[in-house]
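Dear colleague,

Please find below the structure that I am handing over to you. My notes on it follow directly after.

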Amino acid sequence: MSFYLEETCNIPFDFAYDKLAESVVEFCLVHENFPYQAEVNMTLTDNENIHEINREYRGIDRPTDVLSFPLLSYEKPGNFDFLREEREEDFNPDTGEVMLGDIIISVDKVLEQAQNYGHSPKREFAFLIVHSMLHLFGYDHIEPEDAAVMEPKQKQILEELNIPREE
């Protein structure tokens with residue numbers, strides 16, 4: 001697995017966020033039985049920057065906590081069979097890894113939401129990574145029937161990572 005982390009703002013976390021991010025991404029790949037080596041890019045930024053990205057790419061004029069930009073097109077969430085066709089555009093020509101996509105997280109929102117929800121920034125950060133990884137695997141939560149699949153999966157992964165909501 002190749003994991004690339006870019007920081008575009010001050011990161012005031014009191015935990016090893018870089019190691020946590022990489023381990024959560026790797027755990028999600030194993031948990032979902034992703035059959036190839038993968039490449040994931042993550043950017044940690046502030047509300048101002050994520051607001052601009054959210055407005056530009058989603059037409060939503062406000063900051064958000066996390067944005068996911070999957071590079072794969074799924075017929076069914078979590079089904080990776082289409083990769084057997086090994087389309088060149090899905091693989092990094094230099095590494096041979098599947099390019100899953102990009103995750104952008106607002107550090108400001110991590111801190112704000114951790115306080116609002118009564119848990120640690122570490123837990124909120126891990127939750128947003130799991131949430132985004134599931135998007136990179138094709139899951140969504142817009143429709144109630146899709147949320148009924150994605151939300152329990154998020155909870156299960158966080159429990160298996162031993163990062164409970166009460167932390």
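Lys153 counts as buried, at 18% relative accessibility; buried here means under 20% relative accessible area, exposed over 50%, and partly exposed in between (1.4 Å probe, protein chains only). Please note that this is a predicted model, in which local features need pLDDT of at least 70 and side-chain atom pairs count only at pLDDT 80 or more, while totals for chains, interfaces and linings use all residues. Residues are numbered from 1 along each chain as its sequence is written, and side-chain values use heavy atoms, with hydrogens and water left out.

Lys153 forms a salt bridge with Glu32, with the closest N and O atoms 3.3 Å apart; the term denotes a side-chain nitrogen of Lys or Arg within 4 Å of a carboxyl oxygen of Asp or Glu. This pair links distant parts of the chain, 121 residues apart: Lys153 lies in helix H5 (residues 144–160), and Glu32 in the loop between helix H1 (17–31) and E2. Helices (H or I, at least four residues) and strands (E, at least two) are DSSP runs, numbered from the N terminus. Glu32 is also buried, at 9% relative accessible area.

The count comes to four salt bridges. Among them, Arg84 and Asp81 meet at 3.4 Å, N to O; Arg84 is exposed at 63% relative accessibility, and Asp81 is partly exposed at 41%. Another joins Lys109 and Glu112 at 3.6 Å, N to O. These two residues are about one helical turn apart, because they stand three residues apart in helix H3. Lys109 is buried at 15% relative accessibility, whereas Glu112 is partly exposed at 34%.

With kind regards
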